[in-house]
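My notes follow the order in which I checked things.

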Amino acid sequence: MQQIIVDLSISPDEWIKLYQGVAKDVHTTARDGRSVRFPARILSRFYLRDGIRGTFRILFDGQGKFASIERLQ
């Protein structure tokens, strides 16, 4: 299974845009330097009043499809 580690800091205002569908994907850089894009919806369970902050591991199957996400910090 493939994985990426990303550090995210999404403000409440940015999250509202993602949640409302103004933007559908999160674009960021993984810790290994790869540019990654993934659906914002996979982060919804991590939203708090101050937005989404932390380090996350995202796992993909052999075809590059999302499998799971977990907060590391």
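The entries below go from the sheet to the salt bridges.

I noted that this is a predicted model, in which local features need pLDDT of at least 70 and side-chain atom pairs count only at pLDDT 80 or more, whereas totals for chains, interfaces and linings use all residues. Residues are numbered from 1 along each chain as its sequence is written, and side-chain values use heavy atoms, with hydrogens and water left out.

I looked up the strand order and found an open sheet of three strands, 1-4-5, with antiparallel pairing; strands here are DSSP runs of E with at least two residues, numbered from the N terminus, and two of them pair if DSSP finds at least two bridges between them. Strand 1 (2-10) and strand 5 are the edge strands, each pairing on one side only.

Hairpin. I then followed strand 4 (residues 52-60) into strand 5 (residues 66-71), which pair over five bridges and form a hairpin with five residues between them, where Gly64 in the turn has a positive phi of about 80°. Across this pair, Ile58 stands opposite Ile69, and Phe60 stands opposite Phe66.

Salt bridges. I found five salt bridges in the structure, each being a side-chain nitrogen of Lys or Arg within 4 Å of a carboxyl oxygen of Asp or Glu. One of them joins Arg57 and Glu70 (2.5 Å, N to O), linking strand 4 to strand 5 across 13 residues. Another joins Arg37 and Asp25 at 3.4 Å, N to O; Arg37 lies in strand 3 (residues 35-39) and Asp25 in strand 2 (residues 25-29), so this pair ties together parts twelve residues apart in sequence.

Terms used. Helices (H or I, at least four residues) and strands (E, at least two) are DSSP runs, numbered from the N terminus.
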